[in-house]
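Here are my notes on the pocket and the ligand site, point by point. Have the model open while you read.

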Amino acid sequence: MKIARFTRLGFILAAAGSAVGLGNIWKFPYVTGEYGGGAFVLVYLITVIGIGFTVMIAEMMIGYVGRLDAVGSFEKLAPVHKNRWKLLGFMGFTGLMILTFYSVVIGWIFHYIVVTLTSLPSSVAEAEESFVSLMTRDIGTQLFYHTLAFLVIVAIVVRGVKSGIEKMNYILMPLLMLIILGMFFYAMSLDAFTQAWDFMFVPDWSKMNSEALVTAVGHAFFTLSLGMASILTYSASLPKEINLKRTSLIVVGLDTGIALIAGLMLFTFLFQYGAAPAKGPGLVFISLPAVFYEMGSIGISLALVFFIALAFAGLTSAVSLLEPMVQYGIDRYTFSRTKSTLLMGSFFYVVGILALLANSTEYGSYLTFGSKNLFDWMDFFTASILLPLGGLLMSIFVGYIMPRSQVRAALKNSMSDVFFTFWYMCLRYLVPPALIIVMINLLGIVPSEYIIPMFVIAYAVTAFFGYGNYLKEKKI
Ligand code: TRP
């Protein structure tokens, strides 16, 4: 049904473009800072390899074999109850929910590109004041840049997979990598680099708790773009002959590499100028501009390329958040691409306006429900609940619902028997319990001190079963 296919490199860049986003450069450093560094990074890395990589292969496989939008692909692959399983495809809707706040944050970045060109704040206090004032009082500026972000995203998705998404990633991803690497080399020449290295790679286990663990799992999904059919939808346009394991590995590697490099770089800058690492979401918008100011004239250039890179990272991800529902409209309702893009885009645009109003002093109280305002609810609900849920259902679908033989056949050219056995084990025994534990923790029905032991047990049991199964297969 689809004619437009990515090239191999085009797909890798597009999938990496989806994965590498605000999650890597904005969120990863600040959650690492909040949860004390090394121990969090280690747990995150284990999760990315054990859970993220496993689910990435499964999600890619569904799109690659299904060749349709998410709903169509699940329907096609489900051996029974097609009508029920196809509902899973609606996980694409999570993307529109993420976009509501994601687009607002891209708007802040646009604003900061302009701020860099005009005047950087001269102290942390001033930087804090200007960021808080943007969020709580300056509705007009936010509205303007949110609209700009919306228009750019829509303009690219309207052009389709080849001349919109693929082309954009061909241009922006190499530039992004170049900027980040250049800044990283500069950071390496500063004294504080070793301090940043220790902060990120020497674990302090006293900081580890169940909340950090759950955040690490949620973030692994978010940063790899898993659990809502972004990767699935892109994979429907994969070239015919492709090694899914190798492709997943490259995407996971690029995403993780860029997150670690960005983290090291940011912490070096912060430590070098005596700023605190635990600054929360304002890290990039408050501490960093003040640090750039301290650096003098080189700081202004660094700030400029940094915010441009951040905008690139955000836009290539935003496009992948919109595409699943757009493809749904095209495949299911035979909408034209333009109509589908505008229809789906208008949802996140309008709700995004409410999300940004929720941060304002004037309207905040009308848009606060319980402990969080709408903006924070969107972030929490998607990253902590919907994405892990999507990942859970998807791994159950591939691990338990699709016949093993069909899964093996789909991955025949992608991996050896030994690797398949191990991957399949992880998918069946490691991913679901880990994700269920995450959700149990969120519901608060089990005391939090049991969460970490439960995790360790789940991993140990999988290793045990996996090894047993491996021995059994080897004998056959
Ligand atoms: N991975 C992106 C980031 O790190 C965000 C993103 C894009 C995403 N597509 C997604 C998150 C799909 C979850 C699911 O910023």
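1. The lining of the largest pocket splits into 14 nonpolar, six polar and six charged residues. Here Ala, Val, Leu, Ile, Met, Phe, Trp, Tyr, Cys and Pro count as nonpolar, Asp, Glu, Lys and Arg as charged, and the others, Gly among them, as polar. Keep in mind that this is a predicted model: local features need pLDDT of at least 70, side-chain atom pairs need pLDDT 80 or more, and totals for chains, interfaces and linings use all residues. Numbering runs from 1 along each chain as its sequence is written, and side-chain values use heavy atoms, with hydrogens and water left out.

2. That pocket is lined by 26 residues, and Lys27, Tyr30, Asp376, Asp379 and Phe380 lie nearest its centre. Two or more lining residues come from each of α2, α7 (124-136), α11, α17 (374-401) and α19 (417-443). (Helices are DSSP runs of H or I, at least four residues, numbered from the N terminus.)

3. On to the ligand: 18 residues surround it, with Ala19, Gly23, Tyr102, Phe222 and Ser225 the closest. Being near takes a heavy atom within 4 Å. This shell has nine nonpolar, nine polar and no charged residues.

4. What about polar contacts (N or O pairs within 3.5 Å)? A ligand oxygen is 3.0 Å from a backbone N or O atom of Ala19. A ligand nitrogen lies 3.2 Å from a backbone N or O atom of Ser18, and the side chain of Ser320 has an N or O atom 3.2 Å from a ligand nitrogen.

5. Taken alone, the ligand exposes 360 Å², and the protein buries 100% of that (Shrake-Rupley, 1.4 Å probe).

Note on methods: A polar contact is a pair of N or O atoms within 3.5 Å; within protein, one must be able to donate a hydrogen and the other to accept it, and residues adjacent in sequence count only if both atoms are side-chain atoms. On a 1 Å grid over the protein atoms alone, a cavity is a set of points where a 1.4 Å probe fits but cannot get out, and a pocket is an open set with protein on both sides within 12 Å along at least five of seven lines; lining residues have an atom within 4 Å of a point.
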